[in-house]
Amino acid sequence: MTETPRLVLASLSGEADAAWARAASDDADLAVLGGVAVDEATRRAAREMAASRNRNEFLPDDPVRFVESELDALADAPVDAGVNVRSTTTGPLRAVAEACAARGALVEVNAHCRQSEMCAAGAGETLLGDTERLCELVAAAAGTGATTSVKVRADVSGVDLPALAARLDEAGADVLHVDAMDSEGVVANVRAAFDGVLVANNGVRDRSTVREYLAYGADAVSLGRPSDDPRVRRRVRDAVAEWFDDG
């Protein structure tokens, strides 16, 4: 990642690949590919999700080579790239992080996915309730030298998100990507606890939603499902530019 992003394209399971990122590269600063399941537990969960609910999932034979190929395809694109990774173990995550580090890309630890199969495997949202393991994963990724992000979500029972943010900061997270759900104000509380780059997500569509998150202290906003809609991308891009130009 070359500089602090202002508009991020959030990963979309089975859809956020190099072609998706390139199509939107004129509007965004950072595109996060994936999510990519990289260890046996998460790959098994992704296969179950794809089979039982007809979900799109990235299930290459070799996840690391897949990540390398996708990032290499963006080497000349005018957008920074990252990869959202689902893992319960440090080894496969570290291998992907090394591939990201070698290409100046961000690696994002997924503590966000709430699909039942992924949670049962001990990944995604489940990690929010297992601080020690999540911090271990973050430290493993950060130890490779890759810019390391963690994607989390608000409104998870029993999870003190600002307290967790402080722990993730200590573990080596450079970026915290927060899905605020229906609690937009949590961004301000997380801002007070986290020193790195803070990206706010959920419901970002227009000038008012952009300004709300940035006013709470976010450094950037991210687009989820509307990332493939050029009208929404440009509306958000212009709102972000206006905010920082006025600042």
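**Reading the barrel**

Modeller: Strand β2 (residues 30-37) and strand β3 (residues 80-86) pair in the parallel sense over seven bridges, where strands are DSSP E runs of at least two residues, helices are H or I runs of at least four, both numbered from the N terminus, and pairing requires at least two DSSP bridges. Within this pair, L33 stands opposite V83 of β3. The model is predicted, so local features need pLDDT of at least 70 and side-chain atom pairs pLDDT 80 or more, while totals for chains, interfaces and linings use all residues. Residues are numbered from 1 along each chain as its sequence is written, and side-chain values use heavy atoms, leaving out hydrogens and water.

Colleague: What closed arrangement do the eight strands form?

Modeller: The order β1-β2-β3-β4-β5-β6-β7-β8 makes a closed barrel with parallel pairing. The twist from one strand to the next averages 25°, angles being taken from 0 to 180 degrees between N-to-C directions of lines fitted to C-alpha atoms, for helices over the stretch in contact.

Colleague: Which strands does helix α8 lie across?

Modeller: Helix α8 (residues 186-193) lies across β6 and β7 (197-201), at about 165° to β7, contact meaning heavy atoms within 4.5 Å. Helix α9 (residues 207-215) packs on the sheet, touching β7 and β8 (220-223), and its direction makes about 135° with that of β8.

Colleague: Why does H177 count as buried?

Modeller: Buried means under 20% relative accessible area, exposed over 50%, and partly exposed in between (1.4 Å probe, protein chains only); H177 counts as buried because its relative accessibility is 1%.
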